[in-house]
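Keep the structure open beside you as you read.

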Amino acid sequence: MSSTEILHIQPQELQFPFELRKQISCSLQLSNRTDNYVAFKVKTTNPKKYCVRPNTGVVMPRSTCDVIVTMQAQKEAPPEMQCKDKFLLQSVVASPGATTKDITPEMFNKESGHDVEECKLRVVYVAPPQPPSPVREGSDEDSSPRASVSENGHSNALDFNAASKAFNERGEHQDTSFEARTHISKVTEERNYVIEQNKRLQQELELLRRQTGSRRSGGGIPFMYVVVVGIIGIILGFLLKRT
């Protein structure tokens, strides 16, 4: 604990958990263990870098006062995380009942004969606190796929393999069903086409018979025409049996 005869200052140094591009604060506690009113003033070697609240004040007898020091966000880290900044805390006995409004720069002027006590504080950068790691339920060994056991007594790994196999089989079954439906649809179209052609051929034969009956006096049906019609009938019958 750093101290003067009239103020005790804690801690001994200003510790900042350094992080880039982030404002960081730390606190000082000033303890007045005397029966006097004590005025204080905080100075720094780098006033643009730090904000001190309050930078001046009065600590009443047998009481404490907290001073918050905030370091502005830094764009880059210092070499080897070493900081040369320093703070100076000056304290002096004030008149009874004094307040912050009663503090003047003249009170901390040693050349004017005031009994000013000083305490130097250095700045130290420390590693920022690490966030707590998530706690797993059970040990790592229990959480492994091979060792973890479900309520029904089967390992999670086996359950996963069974589920994967069932999924693959279902996918294969769906693929097979799709191919079968496609083949059936194709065969049905061919069958309908053959039936339609057969109907058309029968209509042509019927028309041919009528024409033959009307021209029976002129001669019979040419032999080659009958042969062609017979061949077409055979082909259509073969196609119908195939479907």
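Two residues are said to be in contact when heavy atoms of theirs lie within 4.5 Å. Keep that in mind, as contacts come up throughout this report. Please also remember that this is a predicted model.

**The overall layout**

The protein has three helices and 10 strands. Along the sequence, the pattern reads β-β-β-β-β-β-β-β-β-β-α-α-α. Of the 243 residues in the protein, 25% are buried. The exposed surface comes to about 17900 Å², and carbon and sulfur atoms supply 53% of it. Now consider contacts between residues at least 6 apart in sequence: 69% of these join residues at least 24 apart.

**The nonpolar cores**

In soluble globular proteins, nonpolar side chains tend to be buried together. Which residues have the most contacts inside the largest nonpolar core here? They are F16, F40, Y50, V69 and F87, in a core of 27 residues. Several strands contribute at least two residues each to this core: β3 (14-17), β4 (24-32), β5 (37-44), β6 (50-53), β8 (63-71), β9 (86-94) and β10 (117-126). There is also a second, separate core of nine residues, which includes A39, V58, A94 and A98.

**F87 and its surroundings**

Find F87 in the structure. Is F87 buried or exposed? Its relative accessibility is 3%, and the cut-off for buried is under 20%, so F87 counts as buried. Leaving aside neighbours within four places in sequence, F87 is in contact with L14, V42, K43, T44, Y50, V52, V69, C119, K120, L121 and V123.

One of these contacts, V42, is worth a visit too. V42 is found in strand β5, and its relative accessible area of 10% makes V42 buried. Again leaving aside neighbours within four places in sequence, V42 is in contact with V52, N55, F87, L88 and L89. The C-alpha atoms of V42 and C119 are 9.7 Å apart in space, although the two residues are 77 residues apart in sequence.

A pair of aromatic rings is described by the distance of the centres and the angle of the planes. The count of aromatic pairs in this model comes to three. Two pairs are set out here.

| Pair | Centre to centre | Angle between planes | Arrangement |
|---|---|---|---|
| F16 and Y50 | 5.8 Å | 40 degrees | tilted |
| Y50 and F87 | 5.0 Å | 75 degrees | edge-to-face |

**How β5 pairs with other strands**

β5 and β9 pair in the antiparallel sense over eight bridges. β5 and β7 (residues 56-59) also pair in the antiparallel sense, over four bridges. V38 shows both pairings: the bridge partner of V38 in β9 is V93, while in β7 the partner is V59.

**Details in the loops**

Let us finish with some backbone details. P11 is found in the loop between β2 (8-10) and β3. The peptide bond from R53 to P54 is cis too, with omega near -10 degrees, and P54 is in the loop between β6 and β7.

R62 is not a glycine, yet R62 has a positive phi of about 55 degrees. R62 sits in the loop between β7 and β8 and counts as exposed at 56% relative accessibility. E80, also not a glycine, has a positive phi of about 55 degrees. E80 lies in the loop between β8 and β9, and its relative accessible area of 71% makes E80 exposed.

Technical notes:
Residues numbered from 1 in each chain as written. Predicted model: local features only at pLDDT ≥ 70, side-chain atom pairs only at ≥ 80, totals over all residues. Heavy atoms only, no water. Core = buried A, V, L, I, M, F, W, Y, C linked by side-chain atoms within 4.5 Å. Buried < 20%, exposed > 50% of the residue type's maximum accessible area, 1.4 Å probe, protein only. Phe/Tyr/Trp six-rings, centres within 6.5 Å; stacked < 30°, edge-to-face > 60°. Areas by Shrake-Rupley, 256 points an atom, 1.4 Å probe, with all protein chains shown as cover. Pairing = 2+ DSSP bridges.
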